[in-house]
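Here is a friendly walk through a two-chain model, written for someone who likes to know the cut-offs behind each term. Please keep the viewer open as you read.

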Amino acid sequence: MSRFLSNSTILDRPVGRSQRSAEQNVSLSAFSYLFSEMVQYHQSRVDSVSALEHRLEAAGYGVGLKVLELLAYRARDYTRQTKLMNMLQFVSTTAWKALFGKAADSLEKSIDHADEFMIVDYAPITSTSVSVPADLGGLSVDAYISGIIAGMLQGAGFPARVTAHTVEEGDRKKAVFLVKFAASVMSRDATIIG
Amino acid sequence: MTSSSSPSSLLFVIVGSNEPLFEVDLQASSQPISDAATRQSYFVLHSALDLVERSASNQMYLKIVDKVNQQQVSTFLTAGNIKLMLLHNVHQNKSEEAIRQFFQDVYELYVKFSMNPFYAYDTPIISEAFDTRVRALGRKYLS
């Protein structure tokens with residue numbers, strides 16, 4: 001057992017100071033390869049598009065929970081988000097930068113529904129090198145990212161349903177992550193002062 | 001059940017969304033604590049949980065959230081709503097600063113531990129290494 005060979009465990013290694021150091025970055029090709037293998041793995045075990053998306057979301061969910069803790073720790077200010085807008089800002093800027101190298105392209109509030117928000121990314125790394133065959137219809141592998149967002153929000157106490165949609169804008173496509181918060185979150189946010 | 005003389009105890013618990021994930025008795029004393037005292041300690045800790053839920057502060061360190069007889073519960077709430085709770089006695093006179101340092105170090109330990117991809121978030125922590133280090137931190141800051 002490696003435990004007997006080395007005395008240091010994950011608890012001894014430093015968490016990592018900032019995102020900018022080279023050792024923190026993983027190559028895009030490594031990620032794309034791993035991600036494509038993961039998609040294929042799940043694809044061989046399900047028989048419907050929605051089940052596949054569900055599995056990808058579940059995979060991302062665990063990542064979201066842990067990334068939330070890690071990024072909050074790295075911020076070093078020992079504070080947590082209690083207000084809805086602050087949490088969404090945290091997800092679309094801080095978390096996006098840490099995960100994808102840049103902030104999300106925009107964060108929008110839905111006009112029709114008070115509990116819906118949209119996070120827009122023009123080139124999500126999960127789908128830039130993916131081509132969806134015709135028989136898989138509306139599959140969006142960005143479901144993985146929806147899972148990450150959902151995990152982060154759930155962990156912080158803002159349960160929400162997150163779905164990924166590909167929208168045509170002029171001559172290019174963009175990925176829109178629709179975040180629909182639970183009713184309890186909206187009512188609680190209304191009562192918090194500040 | 002002892003009510004006039006409260007048990008002198010130093011209990012540290014990590015509570016997730018459904019259940020306690022980790023607990024350790026940081027008391028250095030060699031005399032065994034009576035059963036009734038232990039039950040009372042846990043009771044105080046868990047009733048303090050309700051107060052934590054309702055706090056709206058955006059700070060992680062919530063200081064003392066409950067005070068029962070001579071026992072106080074200090075809490076540290078992580079970004080993922082995991083509660084690190086410490087039950088201590090007024091007589092022990094632990095300084096605010098010492099408790100804060102203790103929580104910050106355990107928080108760092110917890111974040112590192114949860115980065116393990118084989119650890120499912122919000123499940124009981126059974127790592128020996130984690131246990132040893134938390135005890136060491138307890139000795140360093142709280143005794």
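Arg76(A) is partly exposed, with a relative accessible area of 47% (buried means under 20% relative accessible area, exposed over 50%, and partly exposed in between, with a 1.4 Å probe and protein chains only). This is a predicted model, in which local features need pLDDT of at least 70 and side-chain atom pairs count only at pLDDT 80 or more, while totals for chains, interfaces and linings use all residues. Residues are numbered from 1 along each chain as its sequence is written, chains are lettered from A and ligands numbered from 1 in the order in which they are written, and side-chain values use heavy atoms, with hydrogens and water left out.

Arg76(A) sits in the loop between helix 3 and helix 4 of chain A (helices, H or I with at least four residues, and strands, E with at least two, are DSSP runs numbered from the N terminus). As background, most residues other than glycine have a negative phi.

Thr79(A) touches Asn58(B), Gln59(B) and Met60(B), not counting residues up to four places away in sequence (contact means heavy atoms within 4.5 Å).

## Where chain A meets chain B

The contact takes 21 residues from chain A and 30 residues from chain B. About 2400 Å² is buried between the two chains, and carbon and sulfur atoms give 60% of that area (buried area is the accessible area, with a 1.4 Å probe, that two parts lose on being put together, summed over both). Helix 3 of chain A gives the most to the side of chain A that touches chain B, with seven residues. By class, that side has ten nonpolar, five polar and six charged residues (Ala, Val, Leu, Ile, Met, Phe, Trp, Tyr, Cys and Pro count as nonpolar, Asp, Glu, Lys and Arg as charged, and the others, Gly among them, as polar).

How many salt bridges are there between chain A and chain B? The count is zero (a salt bridge is a side-chain nitrogen of Lys or Arg within 4 Å of a carboxyl oxygen of Asp or Glu). Polar contacts do turn up: the rule finds eleven residue pairs across the interface, both at pLDDT 80 or more (a polar contact is a pair of N or O atoms within 3.5 Å; within protein, one must be able to donate a hydrogen and the other to accept it, and residues adjacent in sequence count only if both atoms are side-chain atoms).

## Inside chain A

Asp121(A), found in strand 2, is buried, with a relative accessible area of 1%. Its side chain makes polar contacts with the side chains of Trp96(A), at 2.7 Å, and Lys102(A), at 3.1 Å. Leaving aside neighbours within four places in sequence, Asp121(A) also touches other residues, including Asp105(A), Ala175(A) and Phe177(A).

Helix 5 covers residues 143–155 and spans 18 Å between its first and last C-alpha, close to the 18 Å expected. Twelve of its 13 residues are buried, among them Tyr144(A), Ile148(A) and Met152(A). The cover over these buried residues includes helix 2, helix 3, helix 4 and strands 2, 3 and 4 of chain A. Just after helix 5, Gly157(A) takes a positive phi of about 95°.

## A look at chain B

Chain B has three helices and five strands, running β-β-α-β-β-β-α-α from the N terminus on. Of its 143 residues, 48% count as buried. Residues 24 or more positions apart account for 59% of the contacts in chain B with a separation of 6 or more.

Asp122(B) lies in the loop between helix 2 and helix 3 of chain B. Phi of Asp122(B) is near 70°, a positive value in a residue other than glycine, and Asp122(B) is partly exposed, with a relative accessible area of 21%.

Note on methods. Expected span 1.5 Å × (residues − 1).
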